[in-house]
Amino acid sequence: MYLQRRNRILRKSAAIRALVNETILTPNDFIVPLFIIEGTNQISEIASMPGYYRKSLDLTVKEVKELWSMGLKSVLLFIKCEDALKDNKGTEALNPNGLMQRSIRAIKDAVPEMVVMTDVALDPFSSYGHDGIVENGQIVNDPTVEVLAKMSVSHAEAGADFVAPSDMMDGRIGAIRAALEESNFTQTGIMSYSAKYASCFYGPFRDALDSAPGFGDKKTYQMNYGNRLEAIKETVMDVEEGADIVMVKPALSYLDIIRDIKNEVEVPVSAYNISGEYAMIKAAAEKGWIDENKAILETLTSIKRAGADLIATYFAKEAVQLIINN
Ligand code: PBG
């Protein structure tokens, strides 16, 4: 047999494969989501996210020190709001001494160089479990955006490096940028969840924060998973309104969207390897049906190969260890 081109030559040995490898994960790629609860020395495993924990602030600070020592450079903070503090307008979200604001300060005090990103949305604070204010059974856009802008300023005041609005209300990026400018927070970034789909894979996260919607679903603000052009429209608008980093969420069922957006915009693109994606790997590995470590590396590499510059993932620590040992 005569062949002009033999592609297997570049796969002949581990060394050659390493030389021609196109996509390499590094600790700089990852954003580590953290779930923070009230109290001291409190830790509880999230039932649907085996191996992932809610931790009180003292333990979270320890964790952040460890993450930094491993080479991880950014954390994305979520807090679990006490039920008694929840209301329709997310009042607690604006409390300068709320758990989120205290957490930002404590983490920046302990590890000043760690890039602290904060979730901006009403759902953990909402008595309805929705990302916006509810009036007559509807999620109302403009009053919600006002709260999100104030919330962002409050996080910036506490020392957040980036606010990360995850709500999908219209016009919130522009409003947040304007509010930050007005308050002179000219160094605070915005990582926008710009193409966020209404997904069944958020289930475990809603268990973690007890933030499942009390009625209906999130389809009037999160996107229909059948749509592609809408993701580009949303993302381009967010960049125009002032987003520094954009995001596609979830990641795995949306690798095509990550690539389309990477080709479309000139800002860094992040992707959120979400709770349900974590749970699926954990569950299959627990049953002995897949090799967990290999699944983690293959999954994260596929997200980066699709075009993500940054990946928020619950596997960040494992991934760093795997990269080092590889
Ligand atoms: C809510 C929010 C969600 C996630 C991050 N922020 C869930 C939702 O929209 O209901 C999901 C993250 C995950 O599933 O890992 N603003």
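Colleague: What is the relative accessible area of D210, which is partly exposed?
Modeller: The model is predicted, so local features are taken at pLDDT of at least 70 and side-chain atom pairs at pLDDT 80 or more, while totals for chains, interfaces and linings use all residues. Residues are numbered from 1 along each chain as its sequence is written, and side-chain values use heavy atoms, leaving out hydrogens and water. On the accessibility scale, buried means under 20% relative accessible area, exposed over 50% and partly exposed in between, with a 1.4 Å probe and protein chains only. D210 counts as partly exposed because its relative accessible area is 39%.

Colleague: Between which helices does D210 lie?
Modeller: Phi of D210 is positive, near 55 degrees, although the residue is not a glycine. Helices here are DSSP runs of H or I with at least four residues, strands are E runs of at least two, and both are numbered from the N terminus. On that numbering, D210 belongs to the loop between α6 (203-209) and α7 (229-241).

Colleague: What is the relative accessible area of N136?
Modeller: N136 is placed in the loop between β6 and β7, and its phi has a positive value near 50 degrees in a residue other than glycine. This residue is classed as exposed because its relative accessible area is 78%.

Colleague: Which peptide bond is cis?
Modeller: P250 sits in the loop between β10 (245-249) and α8. With omega near -10 degrees, the cis peptide bond is the one from K249 to P250.

Colleague: Which residues does K73 touch, leaving aside those up to four places away in sequence?
Modeller: K73 is found in the loop between α2 and β4, where a relative accessible area of 36% makes it partly exposed. Its C-alpha atom is separated by 7.5 Å from that of F30, a residue 43 positions apart along the chain. Counting a contact as heavy atoms within 4.5 Å, K73 touches N28, W68, M114 and V115.

Colleague: How far does helix α2 reach from its first C-alpha to its last?
Modeller: The expected span of a helix is 1.5 Å times one less than its number of residues. For the 13 residues of α2 (residues 57-69), the expected value is 18 Å, and the span in the model is close to it, at 18 Å.

Colleague: What covers the buried residues of α2?
Modeller: The buried residues of this helix are L57, L59, T60, V61, E63, V64 and L67. Just after α2, G71 takes a positive phi of about 100 degrees. The elements that cover the buried residues of α2 include the strands β1 (30-37), β2 (43-45), β3 (53-56) and β4 (74-79), together with the helices α3 (99-110) and α11 (316-325).

Colleague: How far apart are the end C-alpha atoms of helix α4?
Modeller: Helix α4 (residues 141-158) has 18 residues, which at 1.5 Å a residue should span 26 Å. The model agrees with that expectation, because the end C-alpha atoms of α4 are separated by 26 Å.

Colleague: What is the phi of G159, the residue that follows α4?
Modeller: Within α4, the buried residues include V145, L148, M151, H155 and A158. Among the elements that cover the buried residues of α4 are α3, β5 (115-120), β8 (162-165) and α5 (172-182). After the helix comes G159, with a positive phi near 115 degrees.
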